[in-house]
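Here's a friendly walk through a two-chain model. Have a look at it first, then read on.

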Protein chains: 2
Amino acid sequence: MPVNLSAPAAASLLPIAGVQIGVTEAGVRKLGRKDLTVFLLDEGNSVAGVFTSNRFCAAPVHLCRTHLASNAGVRALVINTGNANAGTGADGMLRSRNVCEALANRLGLQPTQVLPFSTGVIMEPLPSERIMAGLDAAIADASGGHWLRAAEGIMTTDTVAKGYSAQAQIGGHTITVTGISKGAGMIRPNMATMLGFIATDACVNPDLMQGLATALAESSFNRITVDGDTSTNDSLLVIASNRAGNAPIDSINSEEGQQLFALMLGVARQLAHAIVRDGEGATKFITVVVEGGKSPQECRQVAYAIAHSPLVKTAFFASDPNLGRILAAVGYAGIADLDANRIELHLDDVHVVTQGGRNPAYQEADGQRVMRQSEITVRVHLGRGPAMDTVWTCDFSHDYVTINADYRS
Amino acid sequence: MPVNLSAPAAASLLPIAGVQIGVTEAGVRKLGRKDLTVFLLDEGNSVAGVFTSNRFCAAPVHLCRTHLASNAGVRALVINTGNANAGTGADGMLRSRNVCEALANRLGLQPTQVLPFSTGVIMEPLPSERIMAGLDAAIADASGGHWLRAAEGIMTTDTVAKGYSAQAQIGGHTITVTGISKGAGMIRPNMATMLGFIATDACVNPDLMQGLATALAESSFNRITVDGDTSTNDSLLVIASNRAGNAPIDSINSEEGQQLFALMLGVARQLAHAIVRDGEGATKFITVVVEGGKSPQECRQVAYAIAHSPLVKTAFFASDPNLGRILAAVGYAGIADLDANRIELHLDDVHVVTQGGRNPAYQEADGQRVMRQSEITVRVHLGRGPAMDTVWTCDFSHDYVTINADYRS
């Protein structure tokens, strides 16, 4: 059961001029599932991506990097579920290349103008023949109104399709942003997310795109974790179709740049949070705020230690205010000169720990009340400096074990 | 159900001359449980300890460090379960000091000659009055033959008491080593274990003791993990009662030093492995060997990434050879210049991955056969150098969640 998350209505996902999407059932792994999605992008767009830092990154991630670097101009994306095409060596590269070539041939493009994405089981050969056989149907399905179908088409263990849109007036023009994401397990994005696609019709200087994509990832997908497992296939793609008619945005720091970034970050955060809310077995959505650090980096390190601790996560699942487990995680997070006597801990509005020990005014009933909620904020103050950072995660339940013990069966 | 582990027979745990142990039920947290243990050490012994690196270390860990540093000569240990006395601030220090003082008074010692150890729930006040009220009964119970009672007396979520003895002829004298340990969850020792006590009657130069304790921890308790949570109370204490009559051992590198180290390491490893075998919810005992690294440190880093991955651990629980998850963990372990194309992976004798991709000769049935075993060795070759390291862990089951969601109730 996802935490306070439901699928978007099809009409709530606004089309982006210059972006068409087609989805089909190619039988990649199982029959009767939407598992093949193509994006068709008009000429004149700008695209940038952020990809997994996993050294075992998948063949499609390699190809995305190569094709983007070739500056051939991206005109199509091809996304399959059911198979990650990771840990598949040279054969995996060949199969992924064949898929790009097949789509390029059908659309009159160069293969380097196609970006491939795969998600699913690792270390099994990509059934590229079945994917290529499905391309015609996917192309025939293409429409600007198919964002929800795409959100469904990229799901694996997700239980809910994830998509958001936002609109704002920027520089006198209506700017629209729509994004979709997928992911529920093997989630501890680092440089990217599982799969995320965010498009805007805004006109953006192509030189700005990579910085924009990286900044969006850093404040959204790169701050979530379900199980600490960084995937081999994490990819976030940001598309500007440059059709809104606004004066091209040249800097994130300009007024319009700030407005566009805020608009896109709103969508990116909702997509990232949706992944946590739909985290495998999740019953709670937890925000971990660490402040009073010497640097955002050390705050993040402490926040992830809390967010990854199986003991903390099972206590949240049990609604048990066994909050010493949070202190233990703070203590082993790796800050060598941390002074435990300066730590403060709040659970929502409840002041649990002061000066490293139990707050005399703390009542277990208050901790218990917050722990029963479906949305909880853990706030740790390190008492070392002015920096802070935030990470979002979920609890750790029986269903996580069930889902991951059964995933392939 | 622990993995291939049963409690030792009382007679199999050999007395160590100069060491007496008494155990009682003090009602620290629950009635009817052995929860208070004292060790009484004759004069002339040597003692060294290795303690948690958690910055939130417990009050008794602070006191152990201070008392050992005072060189007053350790003459007694006092160990309670049911309460960790961690995250308890100045009040926790006072309560732990009171317990040391009470035992010292009864034995005619200085408080600094007593080392305190606590294990159990974090962040609740130590019921020091109940512990002090139990000291007389514990002292009255003291006997050289009570090692098994002590192993039982220090258990928390352990399901099986853990103790081993070993004997060897060293320098013409019979040397005996006996040790006990406890721990099942919050296990990722770093500089120490949960609680471990290893005693020998060998004569050892006191200057050698700290190096000996550290070296033992590094090759045993510091290479196990259950859930990656480094405890606030981890402590390994090594005692030489100096009663065996051998010429004092001055160096680990001497012939006798090597022999004693091997004898003690045998006991330390069995104790460390017992903690993993009794890991919360464990159904499998997993040895992770990483070789071909540039340094033991990077091998250890990769081994821990595998050993901590919830996805890898749930796959072991399910006996599912979903081995791509191991590759993903190797990939995100943090070796920035890792060449994925050089990775080899074996599961026991089954060659699963070669040159970073699925071994063409690999049959899933072979992986399945190994995954069904209760003891499995994962062997990863990084293809980067001559170094190696080994880590021991267990799988991740429904029972882990059940145990940790219910721990305090």
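## Ground rules

This is a predicted model, so to speak with care: local features need pLDDT of at least 70, side-chain atom pairs count only at pLDDT 80 or more, and totals for chains, interfaces and linings use all residues. Residues are numbered from 1 along each chain as its sequence is written, chains are lettered from A and ligands numbered from 1 in the order in which they are written, and side-chain values use heavy atoms, with hydrogens and water left out.

## Where the chains meet

Let's start with the interface. Here 56 residues of chain B are in contact with 56 residues of chain A, contact being heavy atoms within 4.5 Å. Putting the two together buries about 4700 Å², with carbon and sulfur atoms giving 61% of that; buried area is the accessible area (1.4 Å probe) that two parts lose on being put together, summed over both.

What supplies chain B's side? Elements giving at least two residues each include α8 (310-317), α9 (324-331) and α11 (398-406) of chain B. Helices (H or I, at least four residues) and strands (E, at least two) are DSSP runs, numbered from the N terminus.

## A sheet in chain A

Seven strands of chain A make an open, mixed sheet, in the order β9-β16-β11-β15-β12-β13-β14; two strands pair if DSSP finds at least two bridges between them. At its edges are β9 (224-225) and β14 (357-358) of chain A, each pairing on one side only. Strand β13 (residues 350-354) of chain A runs antiparallel to β14(A), joined by two bridges, and A:Val353 has A:Arg358 as its bridge partner.

## A sheet in chain B

Over in chain B, five strands form an open sheet of mixed pairing, ordered β3-β10-β8-β7-β6. The edge strands β3 (46-51) and β6 (162-170) of chain B each have a single partner strand, so one side of each is left without a neighbour in the sheet. Strand β6(B) and β7 (residues 173-182) of chain B run antiparallel, with nine bridges between them, and B:Lys162 sits opposite B:Ser181.

Helix α6 (residues 255-277) of chain B packs on this sheet, touching β6, β7, β8 (195-200) and β10 of chain B.

Notes. Axes are lines fitted to C-alpha atoms, for helices over the stretch in contact, and angles run from 0 to 180 degrees between N-to-C directions.
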